[in-house]
Amino acid sequence: MFTRIAYAGAILAALGFTSAQAEEPFRWPNGARAAVSLAYDDAAPTQLDNAIPALNRHGLHGTFYLSLGMPTLQTRIEEWRAAAKQGHELANHTLFHQCAGGTPDRTWVPSHRDLKSTTAEQMRDQVTLANTMLHALDGKRERTFTVPCGDRIAGGQDYVDLVHDQFVAIKVGSGAIVPSMRTLDLHRVPVATPTNVSGQELIAQVKQAGERGTMVNFTFHGVGGDHLSVSNEAHEELVRFLAANRKRYWTDTFLNIMKHVQREQRR
């Protein structure tokens with residue numbers, strides 16, 4: 001006579017559902033244990049000077065979130081075009097990097113670019129125009145988006161909801177390591193912005209993602225200079241480690257990783 005537990009187990013087995021299947025690891029390309037996204041915000045000069053050459057030396061691709069009003073888009077636009085041709089992703093970070101001002105740590109936000117005095121519809125138009133300008137740079141249509149400062153509210157309304165359908169994935173929130181790939185909302189992907197960290201600290205987070213079978217999502221700013229910087233040495237140590245362990249850790253553009261996750265979630 002079956003106990004209730006044994007009876008339930010028999011039902012699940014009959015349906016083809018086993019604990020091994022329930023715990024099946026998320027599938028990454030070529031048997032990798034985890035994915036790694038190396039991204040860079042704000043179109044900073046040191047990204048062209050230091051980050052892209054480092055990635056190219058080691059045969060890795062990164063994602064560059066361009067605020068189209070930044071000086072390097074005027075003075076070094078051909079270098080951004082070259083980066084796209086080299087396999088790097090050019091992604092949307094709005095036109096003018098608008099954030100919410102009015103707090104002691106946001107004195108750098110000019111009043112005419114304060115999200116509090118900008119409507120959600122204005123931000124939607126700005127993001128849409130940024131996509132058009134990015135298409136003129138690299139000829140591509142599929143995009144990902146990172147919300148400047150993580151601030152979603154413009155004029156009291158969540159503007160990210162208005163641009164949701166323009167992107168394969170959107171970064172918002174905090175946290176380097178994704179807890180679960182199967183339940184990940186591709187339009188609310190957590191991200192960490194490392195500053196003043198060592199290469200070993202960055203590598204430790206990569207290994208944690210490998211243990212979980214998920215992904216680690218880094219977004220840097222300055223590399224060897226500029227604002228919110230990491231040192232060239234720390235960045236180089238991380239990139240060298242990823243290149244030496246590329247079979248274990250799949251490093252690719254955020255767009256390519258998210259497209260893979262989307263396919264796997266549907267499967």
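1. Why does the distance between the end C-alpha atoms of helix 10 (residues 254-266) agree with its 13 residues? At 1.5 Å a residue, helix 10 should span 18 Å, and its end C-alpha atoms are 18 Å apart, so the two values agree; the expected span is 1.5 Å times one less than the number of residues. Helices are DSSP runs of H or I of at least four residues and strands are runs of E of at least two, numbered from the N terminus.

2. The model is predicted, with local features needing pLDDT of at least 70 and side-chain atom pairs counting only at pLDDT 80 or more, whereas totals for chains, interfaces and linings use all residues. Residues are numbered from 1 along each chain as its sequence is written, and side-chain values use heavy atoms, leaving out hydrogens and water.

3. Among the residues of helix 10 that are buried are Phe254, Leu255, Ile257 and Met258, where buried means under 20% relative accessible area, exposed over 50% and partly exposed in between (1.4 Å probe, protein chains only).

4. Cysteine 99 and cysteine 149 form a disulfide with their sulfur atoms 2.1 Å apart, the cut-off being a pair of cysteine sulfur atoms within 2.5 Å. Cysteine 99 lies in the loop between strand 3 (89-92) and helix 6 (120-138), and cysteine 149 in the loop between strand 4 (144-146) and strand 5 (153-154), so the pair ties together parts that are 50 residues apart in sequence. Cysteine 99 is buried, at a relative accessible area of 1%, while cysteine 149 is partly exposed, at 31%.
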